[in-house]
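User: I am new to this structure. Please take a close look at one part of it, then show me what lies elsewhere.

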Amino acid sequence: MAGQRVAPSEMAYENILAYLKEAGLREGDRLPAERTLCESWGISRTALRAALRELIAMHILESRGGSGTYVAPRRPESNCRGYNGYSDTVRAVGKHPSSKVLEARMETADEHVARKLQLKEGDPIFELRRVRYIDDAPCMIETVFLNVAACPGIEDNDFRDTSLFDTLRSRYGIQLPHGEERLSITRVDSEEAAELDLEEGTPVYFQTGVAAEEDGTRVEYFKAVIRSDRYTFYARQDHLSSGHEIPERVIADE
C-alpha cells in the first residue's frame, strides 16, 4: 500500500518548527520573508500561510502587521491537570513574577467559602487578593481563601515579595497534590480593567478551584481573572488520536 502523501501545509508546519530550532531563533526574532521561505522549501504561499496561522494560534509565532512574522514572547503555561504555583510557572519561562497586594486580612468564612473549603460558616480564614505581574506587566487578579487551621500564622507573611505557594511548601510542608479547577470566560468590570490595563468589558479567563492535601484536607479556594494574551492553559495527553503532536517550546534556552 502506497504511503499517504503529506499535505503541503503540514510540510510547511514541520519545516517552520525545524527552522526555529536549527536557526536558534528566540522570542522577538523575525522570520524570513514568506517569499524566501516558499522558495527555499518549494511550497506555495497558501500552504505556508496555513502553517503560519496554526503556529500563531498556538502562540509560537506572532504576526505584526506590515512588519512580518516573529517568534512570540514565551507565555507562562499552566497545566490544567496539575497544581502549579504562579511564581514557579512564570519563572519556568525565564520571566520575573511579582505582586501587588490589594487585600490581606483574617476573615470568617461565609456560606460559599465554607462549602468550598469544607469548613463551618464563621470559621477563620485568611483572604489574600493580589494583582500578579509578569516582568512588571499585569497578568491576573487573584483572590485566595486559606483554611488557617492548616497553616496557622499565614497572615504574618508579607506576600508582596513572597510566594504563597513557596510559603505553604517550605514553612508548612504543604504540597497540595489534589484539587479541581474550572476555567471559563468572563469580561472585566471597571475595577478589574483598571488593574489589568484593559478596556472595561474585555474578555478574560475566569478560573476557580480548590486545592487539598494528600489526606483530603482542603487548604485553598481561589478565583482569578486572567489576561488571555499573557497566560496560557494546556492539558497534556500521552497520545493524540489525530492531527499534529503539540510541540514543546522549540525556542532555544539561554
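**A helix pair, then a sheet**

The axes of helix α2 (residues 34-41) and helix α3 (residues 45-57) come within 10 Å and cross at roughly 110°. (Axes are lines fitted to C-alpha atoms, for helices over the stretch in contact; angles run from 0 to 180 degrees between N-to-C directions.) That makes α2 roughly perpendicular to α3 (65 to 115 degrees). Helices are DSSP runs of H or I, at least four residues; strands are runs of E, at least two; both are numbered from the N terminus.

This is a predicted model: local features need pLDDT of at least 70, side-chain atom pairs need 80 or more, and totals for chains, interfaces and linings use all residues. Numbering starts at 1 along each chain as its sequence is written, and side-chain values use heavy atoms, without hydrogens or water.

Which residues of α2 and α3 meet? Glu34, Arg35, Leu37, Cys38 and Trp41 in α2 meet Arg45, Leu48, Arg49 and Leu52 in α3 (contact: heavy atoms within 4.5 Å). By class, this contact has 5 nonpolar, no polar and 4 charged residues.

Now the sheet. Its 6 strands run in the order β4-β5-β6-β9-β8-β7, open and antiparallel. β4 (97-108) and β7 (178-187) each have a single partner strand, so one side of each lacks a neighbour in the sheet. Pairing takes at least two DSSP bridges. The twist averages 15° from one strand to the next. Within the sheet, 7 bridges join β6 to β9 (residues 218-226). One of the bridge partners in β9 is Lys223, facing Thr143.

Helix α6 lies across β5 (124-134), β6 and β9, at about 40° to β6. Asp161 sits in the loop between β6 (137-147) and α6 (164-171).

Methods. Parallel < 35°, antiparallel > 145°, perpendicular 65-115°, else oblique. Nonpolar A, V, L, I, M, F, W, Y, C, P; charged D, E, K, R; others polar.
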